[in-house]
Amino acid sequence: MKRSAINHILKDSETFLKEHQVFLPPFGRWSPKQWQKLDESYQEITDNMLGWDVTDFGSGNFREYGLVAFTFRNGNYKEPKKYPKPYCEKVLLLKEGQELPYHFHRLKEEDTINRGGGNLQITVWNATKDEDLDEESLVHIVKDGHRLVLDPGTVVTLHPGESLTTTTRIYHKWNVEPNSGDVMVWEVSSTNDDNIDNRFLKDIPRVPDIDEDEAPYRLLFGDYKKLV
């Protein structure tokens with residue numbers, strides 16, 4: 001992805017969040033120069049991948065395959081004594097026409113909550129032992145406290161205010177219901193580590209390569225090792 005495109009996406013995302021009365025912590029508004037002035041007392045932010053994330057999953061087409069996320073808080077599997085939080089909280093933005101590709105989590109269990117905008121469509125399958133889509137077994141899942149038993153490949157629609165609980169090894173894909181508008185999703189989960197936990201059905205990168213055609217507007221969590 002080009003840095004100029006990421007900068008535009010972040011500015012657009014900030015506008016969308018403000019329109020929905022979502023306010024970010026200070027590190028969500030820092031400039032790159034402010035990041036470079038931090039001392040070790042802020043290390044939890046960088047160690048636990050807090051902050052902005054923009055990805056096109058290596059597609060080169062953010063409008064079709066893409067996601068914007070902001071992580072407010074998170075634990076750490078590698079250093080649980082230093083960072084004992086067993087939970088993670090994120091806001092994720094999906095535009096109408098975009099797709100979050102099929103994936104499951106090996107470790108993380110999550111509640112996906114539609115907090116505003118359009119209608120989120122989640123397609124669910126179990127994973128087979130060899131991590132393919134299981135076309136036979138029923139999917140056991142919970143929607144707002146209601147236990148559901150679904151056929152493989154069922155599409156669950158979340159209207160604003162509705163949520164879905166996804167446990168480990170359940171493949172899920174996100175889309176936005178056509179003509180319903182962009183979606184703001186909240187995720188409340190166990191600890192998240194995108195380096196080890198995601199299993200995408202297709203072999204695609206979670207963090208994109210960036211063409212630095214202009215200076216960053218905000219840093220992404222993938223920038224921390226390079227620029228902080």
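Tutor: R3, E212, D223 and K226 are linked in a network of salt bridges. A salt bridge here is a side-chain nitrogen of Lys or Arg within 4 Å of a carboxyl oxygen of Asp or Glu. The model is predicted: local features need pLDDT of at least 70, side-chain atom pairs count only at pLDDT 80 or more, and totals for chains, interfaces and linings use all residues. Residues are numbered from 1 along each chain as its sequence is written, and side-chain values use heavy atoms, with hydrogens and water left out.

D223 is buried at 1% relative accessibility, whereas K226 is exposed at 54%. Buried means under 20% relative accessible area, exposed over 50%, and partly exposed in between (1.4 Å probe, protein chains only).

The structure holds 19 salt bridges. One of them joins R218 to E14, with the closest N and O atoms 2.8 Å apart. This pair links distant parts of the chain, 204 residues apart: R218 sits in the loop between β14 (198-200) and α4, E14 in helix α1 (residues 3-19). Helices (H or I, at least four residues) and strands (E, at least two) are DSSP runs, numbered from the N terminus. Both R218 and E14 are buried.

D53 pairs with R206, the closest N and O atoms being 2.3 Å apart. D53 lies in strand β1 (residues 51-55) and R206 in the loop between β14 and α4, so this bridge ties together parts 153 residues apart in sequence. D53 is buried, at 7% relative accessible area. R206 is buried too, at 12%.
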